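Dear colleague,

Please find below the structure that I am handing over to you. My notes on what was found in it follow directly after.

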Amino acid sequence: MTAYGSFPGARPRRLRTNPAMRRMVAETRLHPADLILPAFVREGIAEPVPISAMPGVVQHTRDTLRKAAVEAREAGVAGIMLFGVPEDAKKDALGTAGTDPDGILQVAIRDVKAEVGDELVIMSDLCLDEYTDHGHCGVLAADGRVDNDATLERYAEMAQVQADAGVHVVGPSGMMDGQIGVVRDALDTIGKEDVSILAYTAKYSSAFYGPFREAVGSSLKGDRKTYQQDPANVRESMRELALDLEEGADMVMVKPAGPYLDVLAKVAESVDVPVAAYQISGEYAMVEAAAEKGWIDRDKAIAETLLGIKRAGASMILTYWATEVAQGISAGR
Ligand code: PBG
């Protein structure tokens, strides 16, 4: 008798014979609701400003941000992650603009909320680097190092002003120890028990953040290696994960996505909360740049990166292509 467990009886290619067959047996599918759009809004500009290292992405005006939110919602995107870019003159050592109720991020949260209400999950970056003149994610001690516990006090205040502005989810991204617990307490203290926390749990010190620094006009000199994780490590992420869950994270994130799919898979296997992955600025830039040179098929490459991230276990993907990809899925492309 032919052995069907091995060749020539077994022929895996049978399930790849045509598009309909391949579609039927696909193990992973992207859905618009898997996607979250990160968006930048800059204070004091009349027209959107293109970000040169991220072709197709802009620093929005308040007005174009509202339009982008509507467009995302219409495409079926799940949420929008907002980043504020204050006027240069408003940056200072403490990142005061980040806790000003009328600071650009808070204003943008209110704008987007007024526009889309609860039809799109509104998220905000909870970090100081967009607001500090030195560009670090926290406040500095006298010796120039980032002061963990002093930074936590700033994060608590940021969480409260963002919640007051109406955000649904805050995303603490500064990698300070204890940040999730402090943010949870700060929210609960002002009666914002319903505001969720998406913890940047495994956030690596990555070269792929480069274009983002332009996007938020960051003046960082040096690096973030005393707070962001070493790309060499994965066990360390499991420790960060345990702490974040213990401190009250509702959702956790791995970032960047593409170069850290092993971390993502491991985190996704071991938790019972939603797991997000952030396909960051440099991941975006690489694909766009290679496509511009005609070296890869842009749309296929984008789809493949996102499928890979989902296959590794992400329940949500932050990607600058969110709206475009969601529109494509709905159109059957
Ligand atoms: C910190 C923050 C960063 C990104 C998101 N939140 C920058 C950093 O940690 O250096 C990067 C996102 C991207 O590169 O697309 N506020």
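This is a predicted model: local features need pLDDT of at least 70, side-chain atom pairs count only at pLDDT 80 or more; totals for chains, interfaces and linings use all residues.

**Parallel strands and their crossovers**

Strand 7 covers residues 196-203 and is joined to strand 8 by 5 bridges, the two strands running parallel.

Together, strand 6, helix 5 and strand 7 form a β-α-β unit that is right-handed.

Strand 8, residues 251-255, is likewise covered, as 5 of its 5 residues are buried. Met-251, Met-253 and Lys-255 point one way from the strand, while Val-252 and Val-254 point the other way, and all are buried. With strand 9 (residues 275-278), strand 8 pairs in the parallel sense over 3 bridges. Val-252 has Val-275 as its bridge partner in strand 9. Between these two strands the chain passes through helix 8 (residues 261-270), and this β-α-β crossover is right-handed.

**Backbone features in the loops**

Pro-256 lies in the loop between strand 8 and helix 8. A cis peptide bond is also found from Phe-7 to Pro-8, with omega near 10°. Pro-8 belongs to the segment before helix 1 (19-25).

Met-175 deserves a separate remark: its phi is positive, about 60°, although Met-175 is not a glycine. This residue sits in the loop between strand 6 (169-172) and helix 5 (179-189). Is Met-175 buried or exposed? Met-175 counts as buried because 23 other C-beta atoms lie within 10 Å, and the cut-off for a buried residue is 20 or more.

**Helix 4**

Helix 4 runs over residues 148-164, 17 residues in total, and reaches 24 Å from its first C-alpha to its last, close to the 24 Å expected at 1.5 Å a residue. Its buried residues include Leu-152, Tyr-155, Met-158, Ala-159 and Gln-162. An α-helix has 3.6 residues a turn, so residues three or four places apart point the same way. The buried residues of helix 4 pack against helix 3 (104-116), strand 5 (121-126), strand 6 and helix 5. After helix 4 comes Gly-166, which has a positive phi near 110°.

**Helix 9**

Helix 9 is made of 12 residues, 281-292, and spans 16 Å from its first C-alpha to its last, close to the 16 Å expected at 1.5 Å a residue. The residues buried in helix 9 are Ser-281, Gly-282, Glu-283, Tyr-284, Ala-285, Val-287 and Glu-288. They pack against helix 6 (210-215) and helix 10 (298-311). Gly-294 follows helix 9, and the phi of Gly-294 is positive, near 80°.

**The surroundings of the ligand**

Which residues are around the ligand? They are Asp-125, Cys-127, Asp-129, Cys-137, Ser-173, Tyr-209, Phe-212, Arg-224, Ile-280 and Ser-281. This shell divides into 5 nonpolar, 2 polar and 3 charged residues. Ser-281, one of the residues around the ligand, is also one of the buried residues of helix 9.

Finally, I draw your attention to Glu-246, which is found in helix 7 (residues 235-247). Glu-246 is exposed because it has 10 other C-beta atoms within 10 Å, and a residue counts as exposed at 12 or fewer. Glu-246 and Ile-180 are 66 residues apart in sequence, and 9.0 Å apart in space from C-alpha to C-alpha.

With kind regards

Methods
Residues are numbered from 1 along each chain as its sequence is written. Helices (H or I, at least four residues) and strands (E, at least two) are DSSP runs, numbered from the N terminus. Two strands pair if DSSP finds at least two bridges between them. A crossover is right-handed if, with the strands pointing away from the viewer, the path from the first strand over the helix to the second runs clockwise. A residue is near a molecule or strand if its C-beta atom, placed from the backbone, lies within 6 Å of it. Ala, Val, Leu, Ile, Met, Phe, Trp, Tyr, Cys and Pro count as nonpolar, Asp, Glu, Lys and Arg as charged, and the others, Gly among them, as polar. The expected span of a helix is 1.5 Å times one less than its number of residues. Two residues are in contact if their C-beta atoms, placed from the backbone, lie within 7 Å.
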